[in-house]
Amino acid sequence: MTTETTPQLSPVKQIESLYARLEKARSIFAAGKVHRILGLDQHYVVESSKGDGFYQVNGVCTCMDAQHRTELHHGWCCHKLAVEIFKEQQAISESPKIAKAVTQT
């Protein structure tokens with residue numbers, strides 16, 4: 001019996017990996033590819049960045065990256081990050097106090 005092990009990445013490489021996902025998430029959000037699922041609180045549909053599919057996000061994502069590489073980035077795929085950006089922007093638009101706090105940081 002063989003066991004597959006994932007190569008250990010340095011903390012810097014892990015951060016770089018997350019940063020790349022964050023940049024991809026920003027472009028997904030900017031393209032308007034994050035959508036709430038009506039009637040299901042905290043459930044979202046995110047179009048893939050390639051435009052070839054959709055992923056359901058409700059705290060976890062259904063994409064392969066989020067499902068199989070959790071040890072590298074703790075489930076933070078670009079789709080889940082795009083949902084977090086979406087939720088943050090929505091909170092800012094709904095509350096002047098949040099908008100003021102964000103612009104002052």
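In this predicted model, the crossing of helices α1 and α4 is right-handed (the near helix is turned clockwise from the far one by less than a right angle). The axes of α1 (residues 11-30) and α4 (residues 78-94) come within 8 Å and cross at roughly 55°; axes here are lines fitted to C-alpha atoms over the stretch in contact, with angles running from 0 to 180 degrees between N-to-C directions. The two helices are therefore oblique to each other, the label for whatever is left once angles under 35 degrees (roughly parallel), over 145 (roughly antiparallel) and 65 to 115 (roughly perpendicular) are taken out. Helices are DSSP runs of H or I with at least four residues, and strands are E runs of at least two.

As for who touches whom, L18, R21, L22, K24, A25, R26, I28 and F29 in α1 meet C78, H79, L81, A82, I85, F86 and Q89 in α4, contact being heavy atoms within 4.5 Å. That set splits into 10 nonpolar, two polar and three charged residues.

Several α4 residues are buried, among them C78, H79, L81 and F86 (under 20% relative accessible area, with exposed over 50% and partly exposed in between, using a 1.4 Å probe and protein chains only).

Over in strand β2 (residues 44-47) sits E47, partly exposed at a relative accessible area of 22%. Neighbours within four places in sequence aside, E47 is in contact with I28, G32, K33, H35, G53, F54 and H79.

Residues are numbered from 1 along each chain as its sequence is written. Local features need pLDDT of at least 70, side-chain atom pairs count only at pLDDT 80 or more, totals for chains, interfaces and linings use all residues, and side-chain values use heavy atoms, leaving out hydrogens and water.

Note on methods
Nonpolar A, V, L, I, M, F, W, Y, C, P; charged D, E, K, R; others polar.
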